[in-house]
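Here is a short briefing to read alongside the model. Keep the viewer open and follow the topics in turn.

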Amino acid sequence: MQDVPELVAQAREGRPRAVARLISLVEGASPRLREVMAALAPFAGNAYVIGLTGPPGAGKSTSTSALISAYRRAGRRVAVLAVDPSSPFSGGALLGDRVRMSEHASDPGVYIRSMATRGHLGGLARAAPQAIRVLDAAGCDVIVVETVGVGQSEVEIAAQADTSVVLLAPGMGDSIQAAKAGILEIGDVYVVNKADRDGADATARELNHMLALGESRGPGDWRPPIVKTVASRGEGIDEVVQALEKHRAWMEEHGVLTARRTRRAAHEVETLAVTALRARIADLHGDRRLDALAERIVAGDLDPYAAADELVAGVTGGR
Ligand SMILES: Nc1nc2c(ncn2[C@@H]2O[C@H](COP(=O)(O)OP(=O)(O)OP(=O)(O)O)[C@@H](O)[C@H]2O)c(=O)[nH]1
Ligand SMILES: [Mg+2]
């Protein structure tokens, strides 16, 4: 197997096979993950990460493809990470993505990767930010993370982005569904796609109304715009790019970009630490220490909180 520094060097030259290999190491939680992450660290932090989320079939992949074209015209290197947390077995959406984005398949400035959960949501929540870091370190200027659906896990993955785009389409009661899923809190830019269809104006109005209801913004705060598009014809995509660039500029001006990235890194560290702790505590099953604590609770010598404190102190070597 190739050594990690060599893989990282090749990925930074833009070689897709090296990038793919690194992401596979990340996805498979390889024992060499620590080495990979350490080697990538100095090169990460330059990419602009755009999250694109919305209900199935709303036109996310079509929009992503159009966004790729727009950023390529501007000479940027682009990566797409298509994440499908909702359907561990189908792969259908991902197949659709391939077709939708096939026009970019031969462009060396574009890297497209799909990630599915295979029934392991926690795994995806861990792997997605690390895959983003690989793409970032590989020198991609823009990374689009497309997630299918509007559930909690999609919202979490969308939260990995610098700018979150929520994409809806007319009909299907999307906006109401979206509101339930908390998607109205995460959008920095809203897109109503399929504006060539009846009901697009109504969806935009409804969205505007709901955003206004939840509004508690001050004068300098960001006000999420609503952009109407016909992604299949590329209409409105330039306006989406403008909205993205505007949001990015606003974040830089107000220190929000660094704050968001710092909060995300903190969350990532927390996730890793909790996972490690949980693994150590799981190791305690059948361990005398846990049994002894449980026995003391039953005997009325100890309360469960104090027992938990003792257990945590025990696994972290604090006692
Ligand atoms: N009429 C119309 N159809 C569109 C538009 N944009 C996309 N479509 C069509 O809508 C269908 C779904 O588009 P996708 O881009 O695959 O949607 P998606 O949100 O990525 O779908 P999933 O990944 O399966 O959730 C395709 O048949 C597209 O051709 C649009 O602006 N107008
Ligand atoms: Mg798609």
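Two strands count as paired when DSSP finds at least two bridges between them. By that rule β1 and β5 are a parallel pair, joined over 4 bridges. Please keep in mind that this is a predicted model. Its protein chain holds 14 helices and 7 strands, and 38% of its 319 residues count as buried. Among contacts with a separation of 6 or more, 75% link residues 24 or more positions apart.

**The sheet**

- The 7 strands make up an open sheet in the order β3-β2-β4-β1-β5-β6-β7, with parallel pairing.
- At the edges stand β3 and β7 (226–228), each with a single partner strand, so one side of each has no neighbour in the sheet.
- From one strand to the next, the twist averages 20 degrees.

**From β3 to β4**

- Strand β2 (residues 78–84) pairs with β3 in the parallel sense over 7 bridges.
- On its other pairing, β2 runs parallel to strand β4 (residues 142–148), and 6 bridges join the two.
- Ala79 is a handy residue to look at here: it stands opposite Tyr111 in β3, and its bridge partner in β4 is Ile143.
- How many of the 7 residues of β3 (residues 110–116) are buried? The count is 5, so the strand is largely enclosed by the rest of the structure.

**Around β5**

- β5 (163–168) has 6 of its 6 residues buried, so the rest of the structure largely encloses it.
- Both faces of β5 are covered, with Thr163, Val165 and Leu167 buried on one side and Ser164, Val166 and Leu168 buried on the other.
- β5 also pairs with β6 in the parallel sense, over 4 bridges.
- Val166 lets you trace both pairings of β5: it is the bridge partner of Thr53, and it stands opposite Tyr190 in β6.

**Helix α4**

- Which strands does α4 (60–73) lie across? They are β1 (48–54), β2, β3, β4, β5 and β6 (189–192), and the helix runs at about 175 degrees to β4.
- With 14 residues at 1.5 Å a residue, α4 should span 20 Å, which agrees with the 20 Å between its end C-alpha atoms.
- 10 of the 14 residues of α4 are buried, so this helix is largely enclosed by the rest of the structure.
- Those buried residues are Lys60, Ser61, Thr62, Ser63, Thr64, Ser65, Ala66, Leu67, Ile68 and Tyr71.
- Just after α4, Gly75 adopts a positive phi of about 80 degrees.

**Helix α11 and His247**

- Helix α11 (residues 237–253) lies across β1, β5, β6 and β7, and it runs at about 170 degrees to β6.
- His247 is found in helix α11.
- Is His247 buried or exposed? It is buried, because 22 other C-beta atoms lie within 10 Å, and the cut-off for a buried residue is 20 or more.
- Leaving aside residues up to four places away in sequence, His247 touches Thr163, Asp188, Val189 and Trp222.
- His247 and Trp222 are 25 residues apart along the chain, and their C-alpha atoms are separated by 7.7 Å.

**Lys194 in its loop**

- Lys194 is found in the loop between β6 and α10 (200–213).
- Although Lys194 is not a glycine, it has a positive phi of about 60 degrees.
- Lys194 is buried, with 23 other C-beta atoms within 10 Å.

Note on methods: Residues are numbered from 1 along each chain as its sequence is written. Chains are lettered from A and ligands numbered from 1 in the order in which they are written. This is a predicted model: local features need pLDDT of at least 70, side-chain atom pairs count only at pLDDT 80 or more; totals for chains, interfaces and linings use all residues. A residue is buried if 20 or more other C-beta atoms lie within 10 Å of its own, exposed if 12 or fewer, and partly exposed in between; C-beta atoms are placed from the backbone. Axes are lines fitted to C-alpha atoms, for helices over the stretch in contact, and angles run from 0 to 180 degrees between N-to-C directions. Two residues are in contact if their C-beta atoms, placed from the backbone, lie within 7 Å. The expected span of a helix is 1.5 Å times one less than its number of residues.
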